[in-house]
Amino acid sequence: MRTRTFDEIKDEVFGKVGSAERDTLEHELQSFRVGLKIREARKQLNMTQEELASRINKKRSFISKVENDGSNITLTTLFDIVEKGLGGKVSIEVLVEKPAFEFEPEFAAEG
């Protein structure tokens with residue numbers, strides 16, 4: 001029996017990258033990863049959810065929700081949790097597979 005990769009299984013169950021169902025899955029996985037990273041950082045600091053919540057003027061249940069599903073937080077909230085609450089820095093990477101637009105020659109800088 002051949003072992004399949006996680007990507008092969010996702011292709012089979014949710015469709016190829018770029019399909020609506022696969023894109024939804026990938027977004028949900030990224031959101032889940034955000035929550036896990038927040039939880040890991042909080043635990044490394046030996047901080048409770050209650051302590052983190054207090055630092056950013058939120059309820060413990062809010063922190064729990066973020067850690068279990070980071071999908072509905074704003075960037076402002078993310079920055080508050082990481083910078084004010086955890087004393088860290090947020091690093092965001094944007095990857096673009098293909099250009100959203102092409103520069104027209106008439107708009108290119110003349111040299």
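User: What share of the protein chain's contacts with a separation of 6 or more comes from residues 24 or more positions apart?
Analyst: The model is predicted: local features need pLDDT of at least 70, side-chain atom pairs count only at pLDDT 80 or more, and totals for chains, interfaces and linings use all residues. Residues are numbered from 1 along each chain as its sequence is written, and side-chain values use heavy atoms, with hydrogens and water left out. Contact means heavy atoms within 4.5 Å. Among contacts with a separation of 6 or more, residues 24 or more positions apart supply 42%.

User: Which helix has the highest mean pLDDT?
Analyst: pLDDT is the predictor's confidence in each residue, from 0 to 100. The protein chain averages 86. Helix α1 (residues 6-14) has the lowest mean among the elements, 81. The highest, 97, belongs to helix α3 (residues 49-55).

User: How many helices and strands does the protein chain have?
Analyst: Both are DSSP runs, numbered from the N terminus: helices are H or I, at least four residues, and strands are E, at least two. Along the sequence the pattern reads α-α-α-α-α. The count is five helices and zero strands.

User: Is Leu-25 buried or exposed?
Analyst: Leu-25 lies in helix α2 (residues 20-44). Buried means under 20% relative accessible area, exposed over 50%, partly exposed in between (1.4 Å probe, protein chains only). At 12%, Leu-25 is therefore buried.

User: Which residues does Leu-25 contact, leaving aside neighbours within four places in sequence?
Analyst: Gly-15 is ten residues away in sequence and 10.0 Å away, C-alpha to C-alpha. The contacts of Leu-25 beyond those neighbours are Lys-10 and Phe-14.
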